[in-house]
Amino acid sequence: MAFLSLEHLRQRPLILGKGGFGRQLADWLAEDGWGAAEFLDDNAPGCAGKLRDYADPALLRPGRPAFVALGDNALRVELLQKLLAAGYKTPVYISSLAAVSPSAVLEPGCVVLPQVYVGAGAHLGAGCIVNGGAIVDHDAVLGRGAHVAPGGIVKAGAEVAPLAKVDSGEVIRSPWEQA
């Protein structure tokens with residue numbers, strides 16, 4: 001389920017990054033009732049401004065939901081911190097087509113896309129991306145800013161370092177499976 005509230009329905013979400021992931025996220029946010037997103041991007045056309053323009057009074061409304069959809073994990077975490085300091089909300093987004101255990105912990109700014117499974121007791125640090133079809137099994141830990149690409153698997157009890165990427169098809173084994 002996506003975390004919906006009446007407040008976010010009144011404010012168009014802001015997405016930093018209009019690449020493929022940002023456009024995907026905008027589609028899913030709209031599908032789940034968040035409304036049409038506005039973008040900031042340094043290179044893409046049709047944006048409200050550059051990445052650094054998040055503090056522009058024309059865009060900044062206290063409590064406005066903002067997401068960072070950039071593949072650079074360190075920059076994503078840095079921008080999430082700046083958005084929070086500026087007064088934006090950095091909510092967790094869980095697609096209505098994902099399965100996330102109620103006992104999983106997802107810190108602010110996490111994005112979980114369709115067909116993802118996040119198991120019991122899993123912990124996702126701030127700004128993690130779990131992309132379509134990925135699995136984060138029970139008791140797994142993703143450090144802040146980690147990214148699990150489509151089809152990546154983090155097995156039970158495994159840990160992914162902060163800012164690391166689990167690539168498509170890659171399997172991070174449980175600690176008891178290590179040779």
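# Briefing on a predicted protein chain

The protein chain holds three helices and 17 strands, where helices (H or I, at least four residues) and strands (E, at least two) are DSSP runs numbered from the N terminus. Its radius of gyration is 16 Å, close to the 16 Å that the globule rule gives for 179 residues, so the chain is as compact as a globular protein of that length; the radius is taken over C-alpha atoms, and the rule is 2.2 Å times the number of residues to the power 0.38. This is a predicted model, in which local features need pLDDT of at least 70 and side-chain atom pairs count only at pLDDT 80 or more, while totals for chains, interfaces and linings use all residues. Residues are numbered from 1 along each chain as its sequence is written, and side-chain values use heavy atoms, with hydrogens and water left out.

**Whole chain**

- Taken along the principal axes, the box filled by the C-alpha atoms of the protein chain is roughly 55 × 30 × 25 Å.
- Of the 179 residues in the protein chain, 47% are buried, where buried means under 20% relative accessible area, exposed means over 50%, and partly exposed lies in between (1.4 Å probe, protein chains only).
- The protein chain exposes about 8100 Å², of which carbon and sulfur atoms supply 56%; accessible areas come from the Shrake-Rupley method with a 1.4 Å probe, and for residues only the protein chains shown count as cover.
- Among contacts (heavy atoms within 4.5 Å) between residues at least 6 apart in sequence, 33% join residues at least 24 apart.
- The 15 positive and 18 negative charges of the protein chain have mean positions that are 6 Å apart; Lys and Arg count as positive and Asp and Glu as negative, without His or the chain ends, and each charge is placed at NZ of Lys, CZ of Arg, CG of Asp or CD of Glu.

**Aromatic cluster**

- A search of the whole structure finds two aromatic pairs, where rings of Phe, Tyr and Trp (its six-membered ring) pair if their centres lie within 6.5 Å, and planes under 30 degrees apart count as stacked, over 60 as edge-to-face and the rest as tilted.
- Trp34 and Phe67 form an edge-to-face pair, with 5.5 Å centre to centre and 75 degrees between the planes.
- This pair links distant parts of the chain, 33 residues apart, with Trp34 in the loop between α2 (20-31) and β2 (38-40) and Phe67 in strand β3 (residues 66-68).
- Trp34 is buried at a relative accessible area of 2%, and Phe67 also counts as buried, at 1%.
- The rings of Trp34 and Tyr93 have centres 6.3 Å apart and planes at 75 degrees, so this pair is edge-to-face.
- Because Trp34 lies in the loop between α2 and β2 and Tyr93 in strand β4 (residues 93-94), the pair ties together parts that are 59 residues apart in sequence.
- Tyr93 is buried, as is Trp34, and ring pairs link Trp34, Phe67 and Tyr93 into a cluster.

**Arg76**

- Arg76 is placed in helix α3 (residues 73-86) and is buried, with a relative accessible area of 0%.
- Beyond its neighbours within four places in sequence, Arg76 is in contact with residues including Val68, Leu70, Gly127, Ile129 and His147.
- Arg76 and Ala146, 70 residues apart in sequence, are 9.9 Å apart in space, C-alpha to C-alpha.

**Positive phi values**

- Gln115, a residue other than glycine, has a positive phi near 65 degrees; Gln115 lies in the loop between β7 (111-112) and β8 (117-118) and is exposed, at 56% relative accessible area.
- Leu163, likewise a residue other than glycine, has a positive phi near 70 degrees; Leu163 is found in the loop between β15 (159-160) and β16 (165-166) and is partly exposed, at 31%.
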